[in-house]
Structure formats: C-alpha cells, structure tokens
Amino acid sequence: MTFTNQVQAVAICHTPYKQKFGIPRQPGLVKAAHGYIELQAPFNHIDAVRGLEQYSHIWLLFSFHENLAQGWKTTVRPPRLGGNEKLGVFATRSTFRPNGIGQSVVELRDISQVNGKVRLGIGAMDLLDGTPILDIKPYIPFSDAIANAQGGIAHEAPHTLAVRFTDSAKSAALAAESRYPQLLMLIEQVLGQDPRPAYKRAKQDDKQYQVALYDLDILWRVIDEQIIVEAIRPGQC
Ligand code: SAM
C-alpha cells in the first residue's frame, strides 16, 4: 500500500559525533555526550514545546540520512553477533531499513531560545551531527518502560573496555575541556564501547583508529584488551 504523507524535518540535531564511526549503537550508553536540537521553520515556535519541560526524557524519530543512498537490506549482520550471523532487518535496529527511520530515547536537559531558534538541550544520544529530526515526543515511563521485557540478542548493555590515555593525550583532552566540558569522560565512554568492526575484535589488531568528536580527532589503538588514547589533534571534519 502506498499513501501520501509528506515527511519533513521538524528540527536538526547537533551532537559531538562528526562521523558515524564511534557513535554508540544505542542511546543511554554515553552519558557525557551533550548536544541540542534546534526547531526548524515552520515548526520553530516556543508554543510547540510548551509543557515538554516537565519530562526528563524524549523520543526522537529521525532520518538515518547518511545511509539513505544505500537503501535497505532484508537481512543484516548485527555487531552483537560478531558480524557472522544474519537476522531480518525488522529483528534489528540496523540503519539499513525501509524508510530509513531511527528512534532514540534521549535525556532532555533544558529548553531555551537562542538567536530566535527554539533549542532543546539533550544528552546520551546516538545520533550523527546534522541528523534531521522527524518528530519529538515525551517519554512516558508508565507505558514506555516495560519491566521484564525480553531483550533478544541485546538483553544487556554491551561489554566495555578500559580506556587509558598517554600523558600528552590526557593533557590535550583536559586543555580542550574549557570548550567541551567532560571531554575526557566523553572519550572514555565512546571508546570504551570498542567501536571497531566486530570482525576485528577477535584478532590481533595493531591498527591505529581515529574517531572525530567535536572538532577533534582522537587517535587510539587496542593493546592487551585496553584502549590506549595516543593523541588528540585538530580534526579534519
Ligand atoms: N537508537 C536508534 C534506533 O534504534 O533506531 C539508532 C540505532 S543505530 C544502530 C545507531 C547507529 O546509527 C549509530 O551508531 C550510527 O552509526 C548510526 N547513525 C546515527 N545517526 C545517523 C544518521 N543520521 N545517518 C546514518 N547513520 C546514523
């Protein structure tokens, strides 16, 4: 069945995540991620969010806009299963889905108006910077939180790795905290998720990886099952 229901972005999301690599695979895993969403015309009206300040969390429906060109897949290989097993797209939270729509519960930290734009401060998101937001709804615990729900292959939060910094990387992170509060914690929480592709995890891996956070490139590698942050430098993104 086809129907006509034109969807347009109601807001744009601004996050520390400048590229897909390194973004946590679900919200709530990286609490030190701070960002905001800004309403877009013709929805940019403070009345459109009247009452929302009573909620601690909101649902964001959004477009996986950076993946739309690649279309959808009937089956996908969830990283949880080491990338070796296929599951139906509708049995996963894969980004390669018909209509390319994502959904995340994020922390709502504050509501303000900046330069005429309504701005919602958010935290613990899993969205790329610049993501178009299709809808915003309050998170309602009595209905949305289901005790004893079965979590399938994703019942528990993923295992995390310890993160260590070289002295110079730690100094660089602390120096940048005047611009980006909690940057050190953000790096620890992001890299602790071990963003590497699943097939890399089981093998010896000497590669140096790079994650872009804000306007910084974070360079790191895995040594003895620990993440070592080797350098932090101005980013290319
Ligand atoms: N929580 C959402 C859901 O369940 O629909 C998203 C889950 S999806 C597995 C999370 C991943 O989507 C992130 O790790 C990132 O790689 C990717 N992602 C986030 N924003 C995106 C965007 N705007 N376009 C394409 N991929 C995006």
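# Salt bridges, strands and the ligand shell

Q: How many salt bridges does a search of the whole structure find?
A: The search of the whole structure finds 9 salt bridges. The model is predicted, so local features need pLDDT of at least 70 and side-chain atom pairs pLDDT 80 or more, while totals for chains, interfaces and linings use all residues. Residues are numbered from 1 along each chain as its sequence is written, and side-chain values use heavy atoms, with hydrogens and water left out.

Q: Why is the contact of aspartate 129 with lysine 18 called a salt bridge?
A: The term requires a side-chain nitrogen of Lys or Arg within 4 Å of a carboxyl oxygen of Asp or Glu. In the pair of aspartate 129 and lysine 18 the closest N and O atoms are 3.1 Å apart, so the pair meets the definition.

Q: What does the pair of aspartate 129 and lysine 18 tie together?
A: Aspartate 129 lies in the loop between strand 7 and strand 8 (132-138), and lysine 18 in the loop between strand 1 (11-14) and strand 2, so the pair ties together parts that are 111 residues apart in sequence. Strands here are DSSP runs of E, at least two residues long, and helices are runs of H or I, at least four, both numbered from the N terminus.

Q: How do you know that strand 2 and strand 7 pair?
A: Pairing needs at least two bridges found by DSSP between the strands. Strand 2 (residues 34-39) and strand 7 (residues 117-123) are joined by 5 bridges and run antiparallel. Within this pairing, glutamate 38 stands opposite arginine 119.

Q: Which strands make up the closed barrel, and in what order?
A: The closed barrel has 6 strands in the order 1-2-7-6-3-8, with antiparallel pairing. Neighbouring strands of this sheet are turned by 45° against each other on average, direction ignored; the axes are lines fitted to C-alpha atoms, and angles run from 0 to 180 degrees between N-to-C directions.

Q: In which sense does strand 12 pair with strand 9, and in which with strand 11?
A: Strand 9 (residues 162-165) and strand 12 (residues 226-234) pair in the parallel sense over 4 bridges, with alanine 162 bridged to glutamine 226. Strand 11 (residues 216-223) and strand 12 pair in the antiparallel sense over 8 bridges, and here arginine 221 has isoleucine 228 as its bridge partner. Strand 11 and strand 12 form a hairpin with 2 residues between them, and aspartate 224 in the turn has a positive phi of about 50°.

Q: How many residues surround the ligand, and which are the closest?
A: The ligand is surrounded by 21 residues, the closest being Gln26, His65, Arg93, Asp126 and Thr131; a residue counts if one of its heavy atoms lies within 4 Å. Strand 6 gives the most to this shell, with 3 residues.

Q: What is the omega of the peptide bond between alanine 41 and proline 42?
A: Omega is about 5°, and the bond joining alanine 41 and proline 42 is cis. Proline 42 lies in the loop between strand 2 and strand 3.
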